[in-house]
Amino acid sequence: MTDPNIVGWAHTAFGSSDAADTEALMAEVTGPALDHAGVAAEDVDGIFVGVFNNGFSDQDFQGALVGMGNDALSRVPATRYENACATGSAALHGAMDFIASGRGKIALVVGAEKMTATPGVEVGDILLGASYRREESGVGGGFAGLFGQIAANYFQKYGDRSEELAMIAAKNHHNGMQNPFAHMRRDFDVAFCNAVSEKNPLVAGPLRRTDCSLVSDGAAALVLAAPEVAAELHRAIRFRARSHTNEPLALSRRDMTRFDGARRAWDQAYATAGVTIDDLSLVETHDCFTVAELLEYEAMGLTAPGQGGRAIREGWTAKDGRLPVNPSGGLKSKGHPIGATGVSMHVMAAMQLMGEAGGMQIPDAKLAGVFNMGGAAVASYASILERVS
């Protein structure tokens with residue numbers, strides 16, 4: 001089986017959207033993505049939709065909503081995927097398997113979420129659905145509380161790394177200033193991010209507001225095509241590798257100071273692609289909380305366990321560093337509409353490889369890594385992308 005190529009994409013601005021619901025958000029990206037790819041709706045063989053929902057909307061069965069917003073797609077087989085915060089990547093993998101198996105030549109992947117219409121207390125409870133409620137439903141601070149526990153355990157083992165977390169937040173907010181799709185384009189400095197204040201309170205100790213990603217609305221879409229079809233189109237980005245690993249859902253069954261599933265996902269991706277981390281031009285990684293990005297530095301092999309702080313402190317992951325991480329601003333600045341996130345991360349990477357990333361552009365980007373995870377590092381997806389044409 002041969003994996004398809006990415007041949008087009010579209011992306012809404014993330015943030016508080018005027019779009020009423022996910023149906024409207026999906027409609028904003030489906031037509032533009034097909035236009036970007038140079039593909040007619042009639043040529044799409046399958047639609048793969050990522051929406052977490054779990055209470056954000058009474059309307060479910062959201063695989064069918066793409067066709068409600070675009071009549072030309074209303075009779076194309078469509079399926080909805082859900083895998084917590086990796087929902088978008090799950091839909092992407094479904095589409096890739098569909099084409100690789102020979103069941104179709106062109107697929108449309110759409111990720112979307114409408115979160116800001118839901119009251120904050122309900123958002124917290126909905127997101128806790130991605131935890132192991134039997135043991136973790138009583139954690140204070142909602143889903144942030146789980147990552148607060150992860151940070152507290154990491155600090156207990158390796159020392160207080162609050163300043164390094166603040167440096168990650170400041171880096172990603174600075175990068176997000178150049179992203180026209182970003183939810184929050186504000187350039188917070190390290191001093192602000194490192195201080196607990198009225199404007200930056202503790203959310204779930206030791207995590208402060210600036211250590212947490214944003215509750216956002218948004219949608220992103222990718223068009224995939226079999227390589228022989230992609231060869232006739234304007235753009236082609238191939239997957240040198242893609243991987244998916246899982247860890248036990250309950251944090252009690254894991255060492256929460258390590259993201260072992262993420263490490264295995266990266267190891268598999270490097271082996272399949274025949275590359276090392278030193279070959280990557282950039283990485284878009286899942287910084288739902290700053291401590292996640294810190295642990296992912298270690299999981300991707302940038303540093304040894306317990307030394308992730310060195311990567312940010314010595315500037316390795318800055319936009320002009322040895323491995324730029326989240327030049328888009330990441331989830332911290334760009335926003336985190338759950339179902340859209342994994343699709344968005346691949347769009348950001350594809351833009352870099354095509355030299356179409358504008359102010360976010362990493363010069364001469366050749367290979368891009370993407371890491372998207374569901375839950376507290378339960379489902380881990382890694383991709384290594386390369387431009388074909």
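1. Helix α4 contributes the most residues to the lining of the largest pocket, namely 4. Helices here are DSSP runs of H or I with at least four residues, strands are E runs of at least two, and both are numbered from the N terminus. The pocket has a volume of about 710 Å³. Its lining comprises 32 residues, and R209, C212, S213, L214 and V215 are the closest to the centre.

2. The model is predicted: local features need pLDDT of at least 70 and side-chain atom pairs count only at pLDDT 80 or more, while totals for chains, interfaces and linings use all residues. Residues are numbered from 1 along each chain as its sequence is written, and side-chain values use heavy atoms, with hydrogens and water left out.

3. On a 1 Å grid over the protein atoms alone, a pocket is an open set of points with protein on both sides within 12 Å along at least five of seven lines, whereas a cavity is a set where a 1.4 Å probe fits but cannot get out; lining residues have an atom within 4 Å of a point. The lining of the largest pocket divides into 18 nonpolar, 10 polar and 4 charged residues. In this scheme Asp, Glu, Lys and Arg are charged, Ala, Val, Leu, Ile, Met, Phe, Trp, Tyr, Cys and Pro are nonpolar, and the others, Gly among them, are polar.

4. The chain as a whole contains 14 helices and 11 strands. Its radius of gyration is 19 Å, close to the 21 Å that the globule rule gives for 389 residues, so the chain is as compact as a globular protein of that length. This radius is taken over C-alpha atoms, and the rule is 2.2 Å times the number of residues to the power 0.38. Buried residues form 61% of the 389 residues; buried means under 20% relative accessible area, exposed over 50%, and partly exposed in between, with a 1.4 Å probe and protein chains only.

5. D217 belongs to the loop between β6 (207–208) and β7 (218–225). With a relative accessibility of 0%, D217 counts as buried. Its side chain makes a polar contact with the side chain of K114 at 3.1 Å, and the side chain of D217 also reaches the backbone nitrogen of M115 at 2.7 Å. A polar contact is a pair of N or O atoms within 3.5 Å; within protein, one must be able to donate a hydrogen and the other to accept it, and residues adjacent in sequence count only if both atoms are side-chain atoms.

6. T303 lies in the loop between α11 (290–299) and α12 (308–313), and is buried at 11% relative accessible area. A polar atom of the T303 side chain is 3.5 Å from the backbone oxygen of Q307, and the side chain of T303 reaches the backbone nitrogen of G308 at 3.3 Å.

7. At 56% relative accessibility, P77 counts as exposed. Leaving aside residues up to four places away in sequence, P77 touches D45, G46 and I47, where contact means heavy atoms within 4.5 Å. The C-alpha atoms of P77 and I47 are separated by 6.2 Å, although the two residues are 30 residues apart along the chain.

Definitions and conventions:
Grid points are joined across faces, edges and corners, and a volume is the space filled by probe spheres set on the points.
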